[in-house]
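Keep the structure in view as you read.

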Amino acid sequence: MITFKGRIGLFIPCYIDQFYPQVGIATLELLEKLGLDVAYPFRQTCCGQPMANSGCEEDARKVYQKFVANFSSFDYVVSPSGSCVYHVRKHYNILEQTEDVKKVRQNTFELCEFLLDVLNVDDLGIHFPHKVGIHQSCHGLRGLKLGTGSELVFEKQSKVHKLLSKAKGLEIINLDREDECCGFGGTFSVFQPDISVKMGKDRIADHQKNGAEYITATDTSCLMHLEGIIRRNNKPLKTIHIAEILNTWKP
Amino acid sequence: MISHSKAAKIFLQDEPRTDWHDQALWFVRQKRDGAVKQLPEWEKLRETASQIKEATLSNLGSYLEQFEKQAIKNGVQVHWAVDASEFNRCVLEIIQKHKATKVVKSKSMLTEECHLNPYLENAGIEVVDTDLGERIIQFRNEPPSHIVLPAIHLKKEEVGELFHEKLGTNKGASDPAYLTQAARGHLRKKFLQADVALTGVNFAVAETGALVVCTNEGNADMGVNAAKVQIHCMGIEKVIPRTKDLGVFTRMLARSATGQAVTTYTSHYLKPEKGKEMHVIIVDNGRSEILAKPYYRNSLKCIRCGACMNTCPVYRRSGGHSYGYTIPGPIGSILSPNNNLKKYGNLAFASTLCGSCSNVCPVKINIHEQLYNWRQQVAADNLLSPIKSISMKMAAKVLANSRLYQLFGKMARVAVRISPRLLLYNKLNTWGEGRELPIPPNYSFNEWYRINRKQ
């Protein structure tokens, strides 16, 4: 049983809030089922990454400050998005490093790393009888080091694989390219749409070729992009956020 | 110059060819993976290499002077060039001093950067690139599309066609061995006729004054040994302190570049042969300006292995020419803005910031972080497109205000739900060119939470 004590602020990124509430709900329910004290600050908006990745970090400053104000009272901030978490940790360096800013940067976690590294939960005993392809979202993989990038010569580890490998009935399929970018890239997806879509198509083809029913990831942004291409081209694949798989857990 | 985005769009029009290009380079990346995974100490090597370069850059002036002193002691003539035009002039003067007209050149990205070939040709000098890939693109009168594999954008059939026209090979012949033999015969004549041999430099060793040139074709040696005059061209960042540092880099260069344990030829040039002349030209051409920029200086660690190109999912699907700069791909996208931010600033956006380039880099250049920083610089210098600049300012306003954000969010969801498809998937909706928009839910998470968890 988990002996964790502390208040958790649930950070639901803007695009999840508006377009994929089910991912937020799954994350919340999962944390609640684990018996944790979770609250969702109503006034939260976004981490500021869309502006910053477009070069407009200075414009994003106010958004950063808002984020810190919303979350600094919590012991931990947990989010179903590796990319946004990485942005808070890495790029809030332009703010004055007050105690609040430092606290928020240190204590903001992506869901999988929170489960494994903070709660030490690696086997929820879930049942998910499907063939699943894992899309390793880049900011989670190479930024938060949720796994070992295929370029590196370190002992292989992957938090996502670890969490899913014990699920009953779940078969993790092997991909030809284990961690190539899907091509979303934030505003890259709209300012360089041709390459973005081509990269997505190629990822989907890899998952399809290797027999995936579902593509899962730690980031809904990648999945939103892949889902958009899947639906446009009527591919027989579904996307599902890892929180939704983990939330099939029945304690 | 057209933007990377537009050039990429054109490249992508031939999808099977894009796939072929992507797979050819991915194959090289996989060979690299296989080679580096043979070395359990690979990550330690990367760190060591990075630190050697760090230390060298911190004392670059004194290492260059040490190198010069040693080289002069060895009987080498050392020249310094502050920029491309001084460099080109220097090369021409050496050639003219010997009343030479025929030059053979092995691979040198520096000479590409300085546009040496057209400069010499204008002065009536015949310059022959002797690296096979370089010779191919020289015949085609186009720049390299990759720094290690300059003709990777071409299929063997196209090379066959070109060689039929230029070298008289059989029409329709595309067998690589046959074409290579033809090039070999052609180049052999050029080597024997050449008065001057030019080479690039991979490493210049400060303690000995030695120049190290790595090739797979032995063309640097063919040129240097046959000609009376040898000229080696190096950027100021090519110097390394000691001979014992060299092994760190030679172990990494070929593994990173092509997946070979070592290049077929690693040639060490120390002093001229009796009766011959050996020159080295040390070129700045903007490098000391990069050195003065704390955030960008470690881009000077680059050993030009090309691994960041092979791994870059954007490069593989847009081709080297889409970048419009001598050095394409991720490393080129962080070097070129130093040269001209207005012209090359758009390259900082030719990336998803996936970070694979930084992971694959043997000298641990934080390429994707520098791309991020260049983006900030582009915006700070008001070089963003007005549409991007305005939309980001508006987005920031909305996202800094909870109520505005919820309002706009709701409006967006309703708009997607009720708009007719033709209106929704209009020309401005670049997302919708190849993708469906998300199906808007009836409630946001925020709305759901207020109803279901309100305390």
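How many residues does the contact take from chain B and from chain A? It takes 80 residues from chain B and 74 residues from chain A, where contact means heavy atoms within 4.5 Å. The model is predicted: local features need pLDDT of at least 70, side-chain atom pairs count only at pLDDT 80 or more, and totals for chains, interfaces and linings use all residues. Residues are numbered from 1 along each chain as its sequence is written, chains are lettered from A and ligands numbered from 1 in the order in which they are written, and side-chain values use heavy atoms, leaving out hydrogens and water.

**The interface**

- Interface size is often given as the accessible area lost when the parts come together.
- Chain B and chain A bury about 6,700 Å² between them. Buried area is the accessible area (1.4 Å probe) that two parts lose on being put together, summed over both.
- Carbon and sulfur atoms give 58% of that area.
- Y372(B), R435(B) and F445(B) supply 11% of the area that chain B buries against chain A, more than any other three residues.

**Charges across the interface**

- Side chains of opposite charge can pair when their charged atoms come close.
- Between chain B and chain A there are 12 salt bridges. A salt bridge is a side-chain nitrogen of Lys or Arg within 4 Å of a carboxyl oxygen of Asp or Glu.
- One salt bridge joins R177(A) to D22(B), at 3.0 Å from N to O.
- Helix α2 (residues 15-36) of chain B gives the largest share of the side of chain B that touches chain A, 10 residues. Helices (H or I, at least four residues) are DSSP runs, numbered from the N terminus.

**Salt bridges within chain B**

- Over all chains, the structure holds 52 salt bridges.
- R17(B) pairs with E158(B), and their closest N and O atoms are 2.9 Å apart. This pair links distant parts of the chain: R17(B) is in helix α2 and E158(B) in helix α9 (residues 156-167), 141 residues apart.
- R17(B) is partly exposed, at 22% relative accessible area. Buried means under 20%, exposed over 50%, and partly exposed in between (1.4 Å probe, protein chains only).
- D245(B) and R242(B) form a salt bridge with closest N and O atoms 2.7 Å apart. D245(B) is buried at 3%, whereas R242(B) is partly exposed at 35%.
- R421(B) meets E436(B) in a salt bridge at 2.7 Å, N to O. R421(B) is partly exposed at 47%, while E436(B) is buried at 10%.

How values were computed. Helices (H or I, at least four residues) and strands (E, at least two) are DSSP runs, numbered from the N terminus.
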